[in-house]
Amino acid sequence: MLKRIAVLISGGGTNLQSVIDACENNIVNAEVVGVISNKKNAYGLKRAQNHNIDSVYIGKGNYPNVDNRGRQLISVLNEMNVDLIVLAGYLEILHKDFFKEFEGRVLNIHPSLIPKYAGKGFYGMNVHEAVIKNNEKYSGATVHFVDEEVDTGQIVMQEAIKINVNETAESLQKRVLKIEHKILIASIKKYIDGEL
Ligand code: GRF
């Protein structure tokens, strides 16, 4: 029986695509059974539809009340009967009840070497801009379990890259994104194979 994965997104979904591809190529013994976005026009929803995966929008537009939004997310995930939830660029703060329901079954991919450049306000390009501004020698990506704080759960995997001499935030983002895809799949595989 294939394990069941739901992926939560807010944007383009290249991490989501890497998870879909890894499942379809049997690199990971699981299937993506649902994609949930808090942004109606997230291209990641289109990626899900392209692969006949259930795609659901749960955002301010259809659940303006934050408690209802949080409860709807929990109920949709329970209906999907998932073994693992992956946050892949999901930019909504999760409802406190989410952790009661799913703690231990939620992984997040973050585009820095946590604990550096993590926590409130550090997401997407903000991370890479700060790394470049501070003239860091290294950056990278981290997969961690999600707890009720932001970017603080137990670290599962990290990989670092050396920053080039004339690196820009844009060039760094592209290089880190490749690392994200790699360690996200490796981490999901470990989880699904019961190695975490
Ligand atoms: C990635 O940089 C991820 O680390 C961050 O948001 C971005 C999502 O990219 N959390 P994508 O939507 O998976 O392409």
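What follows is a brief description of this model, which is a predicted one.

Let me begin with the whole chain. The secondary structure consists of six helices and seven strands. Read from the N terminus, the order of these elements is β-α-β-α-β-α-β-α-β-α-β-β-α. The C-alpha trace extends over about 50 × 40 × 30 Å along its principal axes. For 196 residues, a compact globule would have a radius of gyration near 16 Å, and the protein agrees with this at 16 Å.

How much of the chain is buried? Of the 196 residues, 51% are buried. Among contacts with a separation of 6 or more, 65% are made by residues 24 or more positions apart. The exposed surface comes to about 9900 Å², and 50% of this is supplied by carbon and sulfur atoms.

I turn now to the charges. The protein carries 23 positive and 23 negative side chains, with the centres of the two sets 5 Å apart. Side chains of opposite charge can pair when their charged atoms come close. In this model, the count is eight salt bridges.

One of these joins R69 to E92, with 2.6 Å between the closest N and O atoms. R69 belongs to helix α3, residues 66-80, whereas E92 sits in the loop between β4 (84-87) and α4 (96-102), so the pair ties together parts that are 23 residues apart in sequence. Are these two residues buried or exposed? Both R69 and E92 are buried.

Another salt bridge brings together K116 and E136, at 3.1 Å from N to O. This pair, too, links distant parts of the chain: K116 lies in the loop between β5 (106-110) and α5 (125-133), and E136 in the loop between α5 and β6 (138-145), 20 residues apart. K116 is partly exposed, at 43% relative accessible area, while E136, at 19%, counts as buried.

A further salt bridge connects R175 with E167, at 2.4 Å from N to O. Here R175 is partly exposed, with a relative accessibility of 28%, and E167 is buried, at 10%.

Finally, I would draw attention to S18, in helix α1, residues 14-24. S18 is buried, its relative accessible area being 13%. Which residues does S18 contact, apart from its neighbours within four places in sequence? They are H181 and I185.

Thank you for your attention.

Technical notes: Residues numbered from 1 in each chain as written. Predicted model: local features only at pLDDT ≥ 70, side-chain atom pairs only at ≥ 80, totals over all residues. Heavy atoms only, no water. Salt bridge = Lys/Arg side-chain N within 4 Å of Asp/Glu carboxyl O. Helix = DSSP H or I, 4+ residues; strand = E, 2+ residues; numbered from the N terminus. Buried < 20%, exposed > 50% of the residue type's maximum accessible area, 1.4 Å probe, protein only. Contact = heavy atoms within 4.5 Å. Rg over C-alpha atoms; globule rule 2.2 N^0.38 Å. Areas by Shrake-Rupley, 256 points an atom, 1.4 Å probe, with all protein chains shown as cover. Lys, Arg positive; Asp, Glu negative; His and termini not counted. Charge placed at Lys NZ, Arg CZ, Asp CG, Glu CD.
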